[in-house]
Amino acid sequence: MQGKPRPSATAEEALSRMDRYVALSLIGQQEVAQLLGLNVTDLTCLGHILGACDAPLGAGDLAELTNLTTGAVTGVLNRLERAGYARRQPDPADRRRVRVVAVPEAAARVIAVYEPLYARLGAVFAQYSPDEVAVIADWFERATVEMTAHLAEVRSGRLGPAAP
């Protein structure tokens, strides 16, 4: 499929559209989390657990993916287990480690909520050529690196509001 002609946009216009999408996504995540009886951080971690599929994550893996401390991840995993969304299981390669897997029935509930959105977004991607989708995927990968660096700066205290 060839890409369709697209209207031109400046980087500033693209950032504005991204801001609008991210803001709407944040509100959506809060509402989905509430619907599932979770908080947004726990829902985000559960998303990574579900995304790991047949390669269960360790707590350290989850901490790295979410940019949370391992202590915070322990709290998340405790809450997800109590809520019946995930369980810890021994790592077959190293019994000292544990891996986290989603409870299948709980995974089905989460998928039921997100499946319509992913179908809609899949339809949007279908309007782009494979080369265009590759550019979009590359942009998200690079933007994630920059967001991670920015988050580190915010957490370090180097950034903050100007003094009055």
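Visitor: Does Y114 count as buried or exposed?

Guide: Please keep in mind that this is a predicted model, and that a residue is called buried when its relative accessible area is under 20%. The relative accessibility of Y114 is 18%, so Y114 counts as buried.

Visitor: How many aromatic pairs are there?

Guide: Two rings pair if their centres lie within 6.5 Å, and planes over 60 degrees apart make the pair edge-to-face. The ring centres of Y114 and Y118 are 6.3 Å apart with planes at 85°, so these two form an edge-to-face pair. W139 and F140 also pair edge-to-face, at 5.3 Å centre to centre and with 85° between the planes. By this rule, the count of aromatic pairs is two.

Visitor: In which helix do Y114 and Y118 both lie?

Guide: Y114 and Y118 are four residues apart, which is about one turn of the helix. The helix that holds both of them covers residues 104-125 and is α5.

Visitor: Is Y118 buried or exposed?

Guide: A residue counts as exposed when its relative accessible area is over 50%. For Y118 this area is 57%, so Y118 is exposed.

Visitor: How many residues are in the largest nonpolar core?

Guide: Among the elements that give two or more residues to this core are α1 (11-36), β3 (94-102) and α5. Y85 is one of the residues that touch the most other members, and its contacts include L36, L38 and L80. The number of residues in this core is 25.

Terms used:
Residues numbered from 1 in each chain as written. Predicted model: local features only at pLDDT ≥ 70, side-chain atom pairs only at ≥ 80, totals over all residues. Heavy atoms only, no water. Phe/Tyr/Trp six-rings, centres within 6.5 Å; stacked < 30°, edge-to-face > 60°. Buried < 20%, exposed > 50% of the residue type's maximum accessible area, 1.4 Å probe, protein only. Core = buried A, V, L, I, M, F, W, Y, C linked by side-chain atoms within 4.5 Å. Contact = heavy atoms within 4.5 Å. Lists of a residue's contacts leave out its neighbours within four places in sequence.
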